[in-house]
There are 2 protein chains.
Amino acid sequence: MVSKLGRLLIGKSLKTNELKSEKFNVFWGLPVLSSDAISSVAYAGEEILWVLIPVLGVMSYKYMFYSALCIVFLMILVTLSYRQTIDAYPQGGGSYIVAKDNLGTIPGLVAGASLTIGYVLTVAVSTSAGTAAIISAIPALLSYRVVITLLFIFIITIGNLRGLRESSKVFGTPTYLFMIIILTMIFFGIFKVKVLGYVPRPMYKIPTAVSDITIFLFLRAFSSGCTALTGIEAVSNGIPSFKEPSQKNAKIVLELLALVVLIIFGGVSYLATLYHAVPNPEVTVVAQIAYQVFGKNIMFYLVQITTAIILIMASNTAFAGLPLLLAFIAKDGFAPRQFSKRGKRLGYSNGIITLGLVSALLVIIFEGDTHYLMPLYAVGVFISFTLSQSGMLIRWIKLKNKGWRHKAFVNGIGALVTFATAVILGITKFLSGAWIVFILIPAIVCVMVRIKSHYCEVAKQLKLTVNERPKEVDFSIQKRYVIVPIDTLNKSFLKALNYARTISDNIIIFHVSVDDEATKKLLKKWHEYKVDIPIVVKKSPYRSILGPLVKFIESEEYAAGPKDSVTVVLAQLVVTKWWGNILHNQTALFIKTMLLRRRNIAIVTVPYIIFED
Amino acid sequence: MVSKLGRLLIGKSLKTNELKSEKFNVFWGLPVLSSDAISSVAYAGEEILWVLIPVLGVMSYKYMFYSALCIVFLMILVTLSYRQTIDAYPQGGGSYIVAKDNLGTIPGLVAGASLTIGYVLTVAVSTSAGTAAIISAIPALLSYRVVITLLFIFIITIGNLRGLRESSKVFGTPTYLFMIIILTMIFFGIFKVKVLGYVPRPMYKIPTAVSDITIFLFLRAFSSGCTALTGIEAVSNGIPSFKEPSQKNAKIVLELLALVVLIIFGGVSYLATLYHAVPNPEVTVVAQIAYQVFGKNIMFYLVQITTAIILIMASNTAFAGLPLLLAFIAKDGFAPRQFSKRGKRLGYSNGIITLGLVSALLVIIFEGDTHYLMPLYAVGVFISFTLSQSGMLIRWIKLKNKGWRHKAFVNGIGALVTFATAVILGITKFLSGAWIVFILIPAIVCVMVRIKSHYCEVAKQLKLTVNERPKEVDFSIQKRYVIVPIDTLNKSFLKALNYARTISDNIIIFHVSVDDEATKKLLKKWHEYKVDIPIVVKKSPYRSILGPLVKFIESEEYAAGPKDSVTVVLAQLVVTKWWGNILHNQTALFIKTMLLRRRNIAIVTVPYIIFED
């Protein structure tokens with residue numbers, strides 16, 4: 001039943017060689033990898049105004065324009081840098097790979113950890129924000145906030161488990177809808193003022209200025225707007241998800257993405273200046289603009305609804321990015337190997353499921369109110385930007401190929417600016433949560449290093465030396481001891497005993513006595529049975545089965561000599577009903593698990609199956 | 001580390017023959033088995049007044065006295081009945097055993113299910129009520145309500161896991177404290193009015209009467225007060241927990257319990273009449289009395305605190321009762337067998353832990369506000385009373401031994417009255433929750449019957465027939481097929497292969513190819529190895545390891561003939577660190593679990609241990 005439900009939700013398994021057809025073309029790659037970046041511009045302008053308006057009053061719009069210019073400049077730099085990265089890393093070059101390659105393992109892991117934090121938070125923050133937008137429209141849903149958010153995460157997780165191509169259609173369409181509606185708003189908004197001569201009537205009063213601009217204030221405004229840049233990473237990390245020629249396709253998508261973000265971010269910022277929108281906790285800047293441009297009609301609601309949808313879709317960028325990133329890290333041995341295995345539908349299922357679960361947990365813990373996770377998220381993204389750009393800078397300096405000075409200059413400026421942004425974000429948001437990032441990143445890096453050393457140790461201990469060859473067939477070793485534990489004399493035990501007799505003629509039946517009555521009964525039955533196999537009974541005053549068995553095995557090992565090994569043949573009852581397992585002492589399973597920790601032992605499990613309707 | 005913590009909390013293991021010294025004497029048995037009954041009298045009088053006061057006004061006290069008289073009469077009947085039960089069932093005779101013995105299996109199971117519900121709810125309701133009492137004293141703790149309740153459940157669970165004697169000291173002392181303080185209040189309260197001539201000043205105005213007494217109103221008042229009787233069952237169910245002579249001790253405790261309940265319930269009811277206490281959602285009746293008797297001094301607070309403690313301790317009655325009941329049911333095969341096994345400290349650990357977990361879950365689901373679980377609880381208890389008394393009635397009629405008419409009369413009246421009470425409770429509280437009981441009890445009974453039929457089926461299939469004897473040693477069966485799956489050619493595989501060679505010379509190495517590259521590498525290595533064992537490679541387009549392996553085994557089975565079995569030798573990597581298991585595809589474990597469902601297979605697990613610092 002469970003597997004049927006799974007197939008219904010996720011679809012039938014795909015063959016490994018069907019992998020190619022499941023990749024993005026440019027048209028669908030753009031919305032899937034860009035919804036995070038595009039959705040963040042919806043609030044980036046507002047974030048800038050939140051910083052400026054209370055201090056500068058009406059002068060804010062001037063400096064908002066300057067901030068926006070800087071961010072546009074930064075975005076061009078980042079885009080140029082990532083174009084270079086896509087050229088240099090055709091197999092996919094996120095910050096993790098670039099930093100690892102050029103700066104060393106630890107910086108790479110730091111970038112990987114920052115990105116992981118960023119991706120997980122993207123899902124939690126975006127779906128929560130999307131739910132909040134829906135609830136602003138339908139307040140009756142307020143008490144179901146957490147449930148709705150979890151439902152969104154569930155739907156997106158399932159969509160991604162189904163596979164890339166289908167998820168691109170499911171998740172790409174709303175992104176295009178959002179882009180079209182926002183672009184309509186921008187063009188019509190400018191047209192209304194510049195051509196039709198409409199005089200904007202701001203919904204809220206602009207506060208009077210209390211101070212003049214300072215460098216620090218400007219930098220704060222700039223860094224607040226930098227959320228517009230988050231999500232760009234996804235494209236260069238996702239090159240292998242593109243159809244061939246994947247490198248070229250990725251570059252086109254990156255450029256288109258930058259263009260879309262530029263137009264939407266620039267356009268919305270310009271409209272905010274034109275219509276004198278004032279940030280307010282109840283009505284968003286975008287909503288204020290839409291209200292003035294269209295009036296309170298269908299278009300206003302469409303802007304609100306598509307904004308809500310794109311916020312939820314933004315989390316899909318993380319679902320496209322994180323599983324790939326984890327697969328890279330896992331292939332290098334720094335994350336559990338399971339993250340590098342493709343699932344039934346060829347997506348990295350384990351990464352997708354883990355991302356869904358962890359973000360759902362965050363939503364539950366913060367009860368759907370994840371707004372103050374925002375700073376954590378921005379800091380993480382900019383740390384990875386800085387590492388990626390520094391890595392590229394070092395790369396050009398090392399390689400010194402044609403035009404390296406120009407390239408190094410571009411990346412150097414980028415590294416500097418993103419570093420400055422990260423520092424400013426870290427300082428201004430330190431107390432409101434950014435400190436967690438500075439604990440989490442080292443912690444994650446430590447775990448990754450520990451995992452790697454575990455895998456190395458395992459590989460080292462498993463490696464065959466040159467002269468190690470299989471032993472020749474030697475049935476004399478059959479004189480080894482075979483122990484068959486008995487609890488009750490029944491068919492299951494008899495089957496195990498019969499099996500034991502085919503591998504050795506040196507069998508000991510072993511009984512741990514917990515209940516004197518039961519033991520007496522068993523021994524009586526055994527003697528009536530008249531089989532010439534010795535039975536050893538050990539009393540267990542503390543009612544443990546395992547303790548006396550291990551002690552006995554140790555004494556037998558001692559008798560058999562250190563080189564010889566002991567075989568334990570366990571009769572295992574197998575019930576066909578899943579709930580049947582709850583009804584049986586899983587003693588055999590428990591014994592097996594504990595005995596396996598002993599080097600010189602082999603455990604034979606002989607199943608006895610109980611059929612039930 | 002986990003096992004160290006466990007030993008610290010629960011104490012060192014006890015030997016089976018230390019069982020005797022862990023039992024109750026009369027002095028500690030009384031408080032442990034009676035805290036539920038005694039705590040319920042603290043609010044039984046109040047419950048009666050809640051029904052009467054709004055209708056009858058000042059006349060209520062008269063009918064409260066009549067109700068109390070009826071309850072006292074009922075209590076005497078129940079006590080007499082249970083004295084007879086203790087005589088008839090020295091091994092412990094709760095409603096389950098009495099009903100099963102005399103009325104048949106299904107009535108027994110119904111009684112068992114009702115009692116189980118009652119016990120679980122006792123824990124949830126009592127600890128929540130205790131927490132509420134504490135919070136009334138310290139309102140700052142309000143937001144930690146659930147956490148505090150869970151902490152209490154945890155402490156009581158640990159206390160019970162430690163063992164009976166110790167838990168009797170931990171939980172018995174506060175019960176005695178409560179009894180002493182309430183008795184002091186009763187005697188001093190009567191003394192103050194009757195001897196010192198104090199004229200009571202009620203804290204709240206008594207409402208004016210709106211109607212006269214009706215039979216139905218009186219019965220509702222009576223049944224509301226019947227909570228005073230819950231918990232009596234625990235004594236007769238707990239006979240085996242008493243020191244020898246356990247039967248006699250249990251009877252003494254039962255009589256003492258009835259006496260204590262009579263005095264406290266009667267006394268508090270009488271005081272309520274004397275001091276004209278009026279039930280009120282903010283100040284309990286007991287608190288109103290204590291305030292008038294002592295003034296707002298240390299004694300008032302002592303009454304409040306010990307009331308809170310006794311409510312929490314009341315849940316301990318359930319911890320003494322339910323694990324024993326479950327052990328009885330499990331021994332009869334109607335509940336998972338694990339409930340009948342004694343734990344490290346000789347308590348029925350599984351029952352104790354299950355009770356702790358389920359009641360904690362209820363507290364979490366109802367967020368510590370479990371007050372409306374009350375009717376469920378009372379209905380369950382009275383259903384089991386009715387079944388128990390009917391059972392005894394049938395018993396006397398069947399046995400017809402000396403004085404059976406008198407005994408049957410006592411039990412008959414008891415059955416009638418408890419049945420009437422159960423019906424009244426069921427009707428008056430049906431919509432406020434009692435309906436759940438009428439769904440839950442049949443559901444639980446169904447599950448119990450299903451469990452029994454499972455155990456019977458297993459036993460039937462495992463039973464040896466007369467002529468079934470072990471086969472003679474026959475090494476020719478060694479021509480059987482042995483399959484050794486390979487993933488990588490390493491030490492772990494080599495160890496498994498070497499083992500396989502000692503049990504058969506008919507070995508097939510089997511490889512499932514998921515990744516063409518890896519397979520090519522493996523085959524090259526294998527051919528360089530030049531060992532004369534065939535290797536079979538099967539491609540798995542859907543990346544499943546198990547599918548091709550099962551198919552291959554089936555074809556080999558076919559070749560080997562139906563009677564022969566196939567052995568699979570699995571190399572299992574064992575890591576010494578607990579977290580190491582997360583880092584490895586548990587393929588061997590998964591294969592083993594799935595293969596065990598096949599009748600003609602034996603699985604040999606050859607562990608290879610990775611040592612790590």
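**Domain arrangement and chain pairing in the predicted model**

In chain A, the centres of domain 1 and domain 2, taken over C-alpha atoms, are separated by 59 Å. Domain 1 of chain A comprises residues 2-14 + 22-456 and domain 2 comprises residues 475-610, the bounds being taken from an automatic or database domain assignment. The model is a predicted one, in which local features need pLDDT of at least 70 and side-chain atom pairs count only at pLDDT 80 or more, while totals for chains, interfaces and linings use all residues. Residues are numbered from 1 along each chain as its sequence is written, and chains are lettered from A, with ligands numbered from 1, in the order in which they are written.

The secondary structure of chain A amounts to 20 helices and 5 strands, where helices (H or I, at least four residues) and strands (E, at least two) are DSSP runs numbered from the N terminus. With a radius of gyration of 32 Å, well over the 25 Å that the globule rule gives for 613 residues, chain A is more spread out than a compact globule; the radius is taken over C-alpha atoms, and the rule is 2.2 Å times the number of residues to the power 0.38. The C-alpha trace of chain A spans about 110 × 60 × 45 Å along its principal axes. Of the 613 residues of this chain, 47% count as buried, a residue being buried if 20 or more other C-beta atoms, placed from the backbone, lie within 10 Å of its own.

Helix α11 of chain A, formed by residues 285-294, is mostly covered, with 7 of its 10 residues buried, among them Val285(A), Ile289(A) and Val293(A). This helix is followed by Gly295(A), whose phi is positive, near 80°. Strand β5(A) is likewise mostly covered, as 7 of its 10 residues are buried. Strand β4 of chain A (residues 566-575) runs parallel to β5(A) and is joined to it by 10 bridges, strands being counted as paired if DSSP finds at least two bridges between them. Within this pairing, Gln572(A) has Pro607(A) of β5(A) as its bridge partner.

Strand β5 of chain A (residues 601-610) also pairs with β5(B), in the antiparallel sense and over 3 bridges. Here the bridge partner of Val604(A) is Val604(B), and Ile603(A) stands opposite Thr605(B).

Across the interface, 60 residues of chain B are in contact with 60 residues of chain A, contact requiring that the C-beta atoms of two residues, placed from the backbone, lie within 7 Å. On the side of chain B that touches chain A, α16 (430-462), α17 (491-503), β4 (566-575) and β5 (601-610) of chain B each supply at least two residues. Because 100% of the interface residues of chain B are also interface residues in chain A, the copies meet through the same surface.

Notes. A residue is buried if 20 or more other C-beta atoms lie within 10 Å of its own, exposed if 12 or fewer, and partly exposed in between; C-beta atoms are placed from the backbone.
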